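Please look through the following report with the sequence and the model side by side.

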Amino acid sequence: MASRKKRAAKISEDSEEEQSRRQRLQAILLADSFATKLLPLTLERPNVLLPLVNVPMIDYTLAWLESAGIEEVFVFCSMQVIDYLNNSDWYSHKDFTVKTIESPQNSTSAGDALRYIYEQQIETSQIQGDFVLVNGCIVSNMPLTQLIQEHRDRKKKDEKAIMTMVIRQSLITDHQLFIAVNPLTKQLLYYDEDNICFDKSLLDRNPSVLLCSDMQDCYIDICSLEVLSLFVDNFDYQHMRCDFVEGVLADDIIGYKIFTHEISSCYASRIENFRSYDMVSKDIIQRRTFPYVPDMKFSGNRTLKLERQGIYKASDATQLPSAHVGASYVIGHATNIGSGTKILNSVIGNGCSIGSNVVIQGSYIWNNVTVEDGCEIRNAIVCDEVKVCAGAIVKPGVVLSFKVVVGRDFVVPAYSQVSLLRQPMEEDSDEENLLSGVDLQMESKLGLDGAGYIWRQACEDEWKHSVPPIPKDKLAEIIKAIDDDDTDDESVVTTSGDANTSINNDLFDFEREVDGTFLRAVEENIVADLAVLEINSLRLSYNMESAHCAGAIFYSMMKLAVSTPHSSINDLYRNASSIITRWKGLLGFYVKKSDEQIEVISRLEEMCEESAHELGTLFAHILRYMYEEENDLLQEVAILRWSDEKAGADESDKVYLKQCEPFITWLKETSDDEDG
């Protein structure tokens, strides 16, 4: 009898496992816009339909969910999104089902959306079990099948484990996030997007706590059905993070738990403002999101041809021979570019007409845009059907919403947001109310032949959420604050090997970005001051120090010298010395302290070791050349400090110290004479 019961129990367990395997992999995609950080654009078009490198954002998310193994996705969205999906080919995919849930008029938050979905669930029971919850502005290539199974396995052992949150380590974030996790179980213990202030009892209850401030929340969650019911039970839950997550963590009565899953080798990011829009666009162009890149076919997009220097170009785009385009550039279908025009590090959409002698740098020009002769657009977003009349200047950080007209010779002030719609009153909190309160009457605020309103900035720090670069005065303040912090606190706490790996990865990415920036500066003959601004923006984004900038720039300079054709060692030295002379203003900005100069000497050593037969023979000559008065890049103190540090090294590490012994001896004698 007992053995029969055991067999029955075993059959029951097997049946549960088989049922779990048979469950369709499902996802809920919140494609409605509940934020205002992409205003004024989202007054006229949902954020998921905004183009990201010429493809609507929602297509990236759906393509990823399909390839990650999701079989059925419920899209909570407005009628505008439903119309887009109806006209797409998403409903025709064989093993991937897309179903839409129209957002009701009174839905103003993620909490409202999930409560509405729960009500629908009671009637239809469409959601069978655990599901993936994502925002419609996610770009990712991470696999999901194994993660969903891990979540299910954890829930079998602990029925209180209702959610798994995806995070990744990254120094490139546009806001601070503090989280604490149990390093053994990966349970989330603390979450705050503003500051760190947790109760001491957290440490008392958990013998081991890992506190992180360098994590990015990917807004990809694996959820059990209890997540939906919790939103119904708590009508004050509006936001997924600051309400739901923090509410679950604070509730020690029911005891529900949230766990984390950290990714490292794959990509996941969310577009939530114009700065993250710029960051993710660059990641797509630099192929970090592969296979979701412009030259690959996905979601019905029209592919582009990948050419040298990361240039993506449509086959039917036309460009006059005298026009010049730089690296990391995208040009869409049926777009025409006039003579003498320069386009650098920008994305140009479909059906655009770009006139003659135009300068477009670091900008995003969407579809059917007209830019007349002699215009200048830098670090801006220009939406569909905008017209920029001849001679107009669009300053950095500007957003020109749909169908705006910038008048002839008009200068749009930096960090302005411009729309044909009047700026709503401050008391209108959500976009649905914003749109209903808008006066659609047009008024010319952009020159005599212009059309549009320049919106008042919501706060003084609007630049933080805009397309780079950062304003010079703000950048100077931030860098000074970073340098002051470095001076005040010289201690470094190493938490783990993983943290060091992340730092190395970020340093690699930073140096690659600096190299690209330097090569563009060389190609376009950009003045050193402008190159400094670009590298300072990278420095801030990657949280690097001046020494890192100095090392990366010098490495790029010497790499260019070696790659420039030369037939002898003397030719190579002339290459190196001419590049140092041309760009000493750029390098000199970052080598004002001894530590920074020593970093340059160390990088010179590295490059000489890599190219021992060529550059290796020139170590002493290049060192002395940078010391000479007309260059003044290396000071005597830094060179002597480096030689003293090298004196205690192994003989194999003294190759280049011995090579420049006569120069070091001369420096010491000169120093002694001056002291005497």
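## A polar contact at Q26

In this predicted model, the side chains of Q26 and E72 are joined by a polar contact of 2.7 Å. Q26 has its place in strand 1, which covers residues 26–30. Because its relative accessible area is 1%, and the cut-off for a buried residue is under 20%, Q26 counts as buried.

Leaving aside residues up to four places away in sequence, Q26 touches I70, E72 and F74, and it also touches Q126, I127, Q128, G129, F131 and V132.

## Helix 2 against helix 3

Helix 2 (residues 57–67) packs with helix 3 (residues 79–86) at an angle of about 65°, and the axes of the two helices lie 12 Å apart. The crossing in which helix 2 passes helix 3 is right-handed.

On the side of helix 2, the residues that meet helix 3 are I58, D59 and L62, while helix 3 contributes V81, Y84 and L85. Of the residues in this contact, five are nonpolar and one is charged, with no polar residue.

Six strands form an open sheet in the order 18-21-24-27-30-33, and their pairing is parallel. Strand 18 (324–325) and strand 33 (411–412) are the edge strands, each of which pairs on one side only.

V411 in strand 33 is the bridge partner of I393.

Conventions:
Residues numbered from 1 in each chain as written. Predicted model: local features only at pLDDT ≥ 70, side-chain atom pairs only at ≥ 80, totals over all residues. Heavy atoms only, no water. Axes fitted to C-alpha atoms, helices over the stretch in contact; angles between N-to-C directions. Helix = DSSP H or I, 4+ residues; strand = E, 2+ residues; numbered from the N terminus. Left-handed = near helix turned anticlockwise from the far one by under 90°. Contact = heavy atoms within 4.5 Å. Nonpolar A, V, L, I, M, F, W, Y, C, P; charged D, E, K, R; others polar. Pairing = 2+ DSSP bridges. Buried < 20%, exposed > 50% of the residue type's maximum accessible area, 1.4 Å probe, protein only. Polar contact = N/O pair within 3.5 Å; in protein donor to acceptor, adjacent residues only side chain to side chain.
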